[in-house]
Each structure stands twice: as C-alpha cells, then as structure tokens.
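Student: Hi! I have just opened this one and would like a walk through it. Can we start with a single residue and go on from there?

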Amino acid sequence: MTIDSNAAAPTLTGQLQPDQVLVEVYFAGLNPVDYKIAENTFLSRLLVSKPASPGLDFSGRVIAFGPNSGRITEEELELGQLVFGKLDLPQKFGTLGQFIVAPRAGCAPLLDGCRLPEAASLGTVGLSAYQSIVPFAQAGSNIFIHGGSGGTGTCGIQIAKELGCYVVTTCSGRNVDYCRALGADEVIDYAETDILSALRGQGRLFDIIVDNAGMNTDLYRKIWEVAKPDANFVQVAGDPDFSTTVKAASRLLWIKIFGGQKKLHYLGVKNQYAQLTELEKWLQGDKLRLLVEEVFRFEDAPRAFEKLKSHQRKGKIVVKMSDNI
C-alpha cells in the first residue's frame, strides 16, 4: 500500500448525481474485506481498476450533495453536517482518502461528534449484525452466534439483547469475559470445549443460528440438532474466493435436501439508511458499544493493515485522516 498526496479530489458539486454525498473523511474504519479483495488478484482486477484506494466505513462531514430523489429518505442533509456510514462494493475510491462520494443510503447523520471514531467503525459490522438478526428475531428468541468477539459478533450480541433474545455465543478463552460483559447469556470457549456438546448440554433449541466465523462442514451438518424445525441459519459472508463459493453451493444443496422447514440465508450486507439511523440511536444511547482498539494516523495506514491482518486484536482498527480534526 502506498500513499498518494497528490491524488485528485472526487466529483465536484455540480457533477454529483441524485442521492450522492461528497464527504470529507475524518475517520476510516478498517475491515478484513478491505484487504482481502485487494489481495485476490482475479477479483481485484475484475471489480476495480487501478489506481484505487481501500476502505468502506467512515465518519466525517458533508461537503456537498446531489439532489434528494426521496427514494432513500425525505430527510435533507446540511452542509457541514457530521455523518457516518458505509460505501458500496465494489468501490474504486474508498474511505482511505480525504474525500469520498458516498451513497445516500449509506450516509446517515451523526449527532455526537465526540464519537466519530466509534461511528467510523460501525457501518459494515453494524449493518451485518442487524441484517443477520433483526429480520428473524423477536423477544424471547433463542440465538446462537458463532464467533461473538469480532466486530459483527459483538454488535450481534448487543442487538439481540436489545431485542429481548437469549444469546449463546462462542469465542476464544481470552474474550469470554468480554462477550459476557456485552450481554451474552452463555459463552462457549471453542478452544477448550466441544461446541456441539456444550449446546446439547443446555437442552435449548435455537430459533436463529448466525455464523460469523465459518463453521466447518461437520459442525454445520450437526448444528441442526439444536435448531428448531423452522430455524433460520444466517451465514455472514466469508472470504471472497472460489472455495467459499463451493462451500456455499454445497450447503444450499444440503439444506434443500435435508432441511425441511429450516432456512439457510447467505448475507451480503446492503446499505439501508433506516438501519444506520437506528444503529446510531443505539450507539448514542449506549445500547451499542464498539471497542476501538487503536487509532492510526493516515501516514501509518500500512501499519494499521498489518495489525488488522495479524488478528492480534480485540477491537476495531481506525485511521484518523488528518491531525487537524
């Protein structure tokens, strides 16, 4: 990754299309997808021409905006307004740049400027957690979240508890207390305990199973033993490679043959303005907490990606785009 300090600014005001927003980026939140697509030579060449910059999540302020079509929201933006959100994929010019052109569906007002780093971390993981749980849950639902200590998992635990659900999750031993503090009712240390045995021992059947961590095939086929007859299994998108596609196809075939009324959903997270605004309200009301582990200066963005790829972290990695913020 190299930094270009002479890159041209994106679209100017008169050229903005309906429902496009020109945003000055204050903070950029990093996610594994930011480097996984770039490192997949075939996908990166297919989806994005070079030069390009990574990054989907952001917080910042509105510089300009195109006409409001009314299809996304009737709410009008204001110049200088603080916003946060997520860009769509594929994206040539991502949030690791001074300015971005954001879709209105992925750009929501941010009321508290003091929480800019947290808000910059929220877009992808918050929407992924919301869309994997809220459409299927109601008060009293039993939810099993496989992979509870990552960004999507931690948001998922808190959203499920806000909805009044009973939550069981998995994580490594060092994150057990962290997941409990977020509200999980039961936490399974996958390194020390057989997951299926622990779930069977609870005598509980699950309405929703969310896989953030990529279950192996054996666990996937057996996990249905602890699911209700009409349970929903939500697979949060995995690595963008051929093996993931093959695994997805085989699981869809398996559930079609053996699943009965059970349903398998593959989540490709989508920008939804109303969902972003609800996530922002939860964030401001302290009903949704995000742990920002480290904030890097823009000049140190390569080191931020090194830390992101090391997996030696508990919280989110954020890049501060200017020292003048």
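Student: Leaving aside its neighbours within four places in sequence, which residues is Thr-124 in contact with?

Tutor: Good place to begin, and keep in mind that this is a predicted model. Setting aside neighbours within four places in sequence, Thr-124 is in contact with Asn-31, Leu-56, Asp-57, Lys-86 and Val-269.

Student: And which helix does Thr-124 lie in?

Tutor: Thr-124 lies in helix H4, which covers residues 123-133.

Student: Is Thr-124 buried or exposed?

Tutor: Thr-124 has a relative accessible area of 12%. Buried means under 20%, so Thr-124 counts as buried.

Student: What does its side chain make a polar contact with?

Tutor: The partner is the side chain of Asp-57, and the distance for Thr-124 is 2.7 Å.

Student: Let me zoom out. How many helices and strands are there in the chain?

Tutor: The chain has 11 helices and 13 strands.

Student: What does the radius of gyration say about the chain?

Tutor: The chain has a radius of gyration of 20 Å, and a compact globule with 325 residues would have one near 20 Å, so the two agree. Along its principal axes, the C-alpha trace spans about 60 × 40 × 35 Å.

Student: What share of the residues count as buried?

Tutor: Of the 325 residues, 48% count as buried. The accessible surface of the chain comes to about 15,400 Å², and 51% of that belongs to carbon and sulfur atoms.

Student: What about contacts between residues 24 or more positions apart?

Tutor: Those account for 73% of the contacts in the chain with a separation of 6 or more.

Student: How many positive and negative charges are there?

Tutor: There are 34 positive and 36 negative charges, and their mean positions are 5 Å apart.

Student: Back to single residues. Where is Glu-24?

Tutor: Glu-24 is in strand S1. With a relative accessible area of 16%, Glu-24 is buried. The side chain of Glu-24 makes a polar contact with the side chain of Arg-61, at 2.9 Å.

Student: Which residues does Glu-24 touch, not counting those up to four places away in sequence?

Tutor: Glu-24 touches Ser-59, Gly-60, Arg-61, Ile-63, Gln-98 and Phe-99.

Student: What about the segment before S1, where is Gln-17 placed?

Tutor: Gln-17 is in that segment, before strand S1 (20-29). Gln-17 is partly exposed, with a relative accessible area of 46%. Not counting residues up to four places away in sequence, Gln-17 touches Gly-66 and Pro-67. A polar atom of the Gln-17 side chain also lies 3.4 Å from the backbone oxygen of Gln-15.

Student: And Asp-19, is that one buried or exposed?

Tutor: Asp-19 counts as buried, at 10% relative accessibility. Asp-19 also sits in the segment before S1.

Student: What is phi of Asp-19?

Tutor: It is near 65°, a positive value in a residue other than glycine. Asp-286 is not a glycine either, and Asp-286 has a positive phi of about 60°. You will find Asp-286 in the loop between helix H10 (273-284) and strand S12 (292-297).

Student: Which strand is Pro-103 found in?

Tutor: Pro-103 is in strand S4, residues 99-103, and is buried, with a relative accessible area of 18%. Leaving aside neighbours within four places in sequence, Pro-103 is in contact with Asp-19, Lys-86, Leu-87, Asp-88 and Asn-271.

Student: How far apart are the C-alpha atoms of Pro-103 and Ile-72?

Tutor: They are separated by 9.7 Å, while the two residues are 31 residues apart along the chain.

Student: One last stop: where is Ser-149 found?

Tutor: Ser-149 is in the loop between strand S6 (142-146) and helix H5 (151-162). At 18% relative accessibility, Ser-149 counts as buried.

Student: Which side chain does the side chain of Ser-149 make a polar contact with?

Tutor: That of Asn-175, at 3.4 Å. Beyond four places in sequence, the contacts of Ser-149 include Thr-170, Cys-171, Tyr-178, Cys-179 and Lys-314.

Conventions. Residues are numbered from 1 along each chain as its sequence is written. This is a predicted model: local features need pLDDT of at least 70, side-chain atom pairs count only at pLDDT 80 or more; totals for chains, interfaces and linings use all residues. Side-chain values use heavy atoms; hydrogens and water are left out. Helices (H or I, at least four residues) and strands (E, at least two) are DSSP runs, numbered from the N terminus. The radius of gyration is taken over C-alpha atoms; the globule rule is 2.2 Å times the number of residues to the power 0.38. Buried means under 20% relative accessible area, exposed over 50%, partly exposed in between (1.4 Å probe, protein chains only). Contact means heavy atoms within 4.5 Å. Accessible areas come from the Shrake-Rupley method with a 1.4 Å probe; for residues, only the protein chains shown count as cover. Lys and Arg count as positive and Asp and Glu as negative; His and the chain ends are not counted. The place of a charge is taken as NZ of Lys, CZ of Arg, CG of Asp or CD of Glu. A polar contact is a pair of N or O atoms within 3.5 Å; within protein, one must be able to donate a hydrogen and the other to accept it, and residues adjacent in sequence count only if both atoms are side-chain atoms.
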